[in-house]
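Thank you all for coming.

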Amino acid sequence: MEQQGKRQSAILKIIYFFLYIAFGFYLPFQGIFYKYVLVNSDGTPAIELIGLLFLIMPLIGLVGSMSAGILADTLHLGRYIITFCCLIGSLVAIGIGLIGEQWALSVGLPIKFMLIFILLALFYLLLQPVIPIIDAETMLFLNRHADRADYGRYRLWGTFGWSVATIAMGVLLFYHYHLPLILYGTAFGYGMLGIISLKGIKDAPISKPVKIPWGHLKKDTLFLVFLVFVLGHGAINSATFMYMGYFFDDVMKNPFEIGLIFGTWTLLEVPVMIYSPALVHRFGSRWLIAAGLLINAVRLLLFSTFTPETTFLFKFGAALLHGPAFGMTYIGIIDLVDRQAHAQMRATYMSIMNVARISIAGSIGGLAGSWIIKQWSSGQLMQFSGFALFGLVLFFLLVVKGYGPQKKDLET
């Protein structure tokens, strides 16, 4: 790889690191923040309002995600879109954090909810497009300078960022239980990402607009069926992950345990990402996705047995299954999408996939998750999701199928 390529490679890894720094501060702890900021007059969590946020916000992010993906493919503006969205989004995160401060305790629930609703809508509109554009820029770089199967080695730096952020937040909340820190840390991560992305990929300069070949998408039946699978997977994943912090708050003893679980459940993700080229070539997206889903199903069923009295060692061991489950599923999904995408539609394909997996599915999962918790418990949500994943595996293997091992790699 030439010197310019090595520089871009290093920047991409740093971008993933700070992207998941931001995620690590916010995603695992968002349920806890809203659980204690949006409360009824009797002090109980306003679970209906929390569920409403998780229902509507992903749909708002849909608008930003699709628009940004098309713009990135048409005008090669990926890194500029990332910078703008992240810098403004970091300011919005600070605004949401301020609503959780002491001064807002006297503010009534309806007003507090409306303030959070407006700011969170802007937050999702700006930041949901960031993931697919970064993934598309990475795959564009790998297809030019290396091998698409190397994606996991770049995404690995996101794993490092996630571990640093989640453990750090757990320690901060353990010693200083100040919930707005969740949003202030998020603002730091996105702010750094916005600054660094300005020095991102530069071998796709702004030129005359590219006409996006929509006909390729219309004829791509495998991808269209895959979107149905992604919708189901995203709904299950969103329902559990949006409320994972909420669930852990019910079954863990303190914020330090929560942060430690979130920060270390990526340990076994590291070898998956490091050896992702060999895994992709040896098993293909088909078996990586299926194996990842099965492991995740077992993990969620084990989670459903947790109580505050369950030993931390058992909780820790069950949580470690997240690493291979997420790693194999995600690199399989990215590989499949990139193989199907037209060369001039990488950001568009990634954005469409994320609209199905995160925006629409997130809305379904957010609503379903709150309903299950209200009717039964957060533990029942984990159990239901685990069984649902077994059915999803069968659907994927029988209907979607994906790509198998690459014969030329098996022969060498």
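This is a predicted model: local features need pLDDT of at least 70, side-chain atom pairs count only at pLDDT 80 or more; totals for chains, interfaces and linings use all residues.

Phe84, Ile88, Leu91, Ile94, Leu98 and Trp103 make a nonpolar surface patch of about 590 Å². Such patches are made of residues with over 30% relative accessible area and no salt bridge, where like charges are joined within 9 Å and nonpolar side chains (Val, Leu, Ile, Met, Phe, Trp, Tyr) within 5 Å, and the accessible areas come from the Shrake-Rupley method with a 1.4 Å probe, with only the protein chains shown counting as cover for residues. Phenylalanine 84 has its place in helix H4 (residues 78-99), and helices here are DSSP runs (H or I, at least four residues) numbered from the N terminus.

Residues are numbered from 1 along each chain as its sequence is written, and side-chain values use heavy atoms, with hydrogens and water left out.

Now to the salt bridges, of which the structure holds 6; the term means a side-chain nitrogen of Lys or Arg within 4 Å of a carboxyl oxygen of Asp or Glu. In one of them, the side chains of aspartate 250 and lysine 35 meet at 3.0 Å, N to O. Because aspartate 250 lies in helix H11 (residues 244-251) and lysine 35 in helix H2 (residues 30-37), the pair ties together parts that are 215 residues apart in sequence.

How do H11 and helix H18 (residues 378-400) pack? Their angle is about 125° and their axes are 9 Å apart, where axes are lines fitted to C-alpha atoms, for helices over the stretch in contact, and angles run from 0 to 180 degrees between N-to-C directions. H11 and H18 are therefore oblique to each other, since angles under 35 degrees count as roughly parallel, over 145 as roughly antiparallel, 65 to 115 as roughly perpendicular and the rest as oblique. On the H11 side the contact (heavy atoms within 4.5 Å) is made by Met244, Tyr246, Phe247 and Asp250, and on the H18 side by Ser378, Gly379 and Met382.

Turning to another pair, helix H7 (residues 151-175) and helix H16 (residues 322-340) pack at about 130°, with axes 11 Å apart, and they are therefore oblique to each other. Here Tyr151, Gly152 and Arg155 in H7 meet Phe326, Tyr330, Ile331 and Ile334 in H16.

Conventions. Helices (H or I, at least four residues) and strands (E, at least two) are DSSP runs, numbered from the N terminus.
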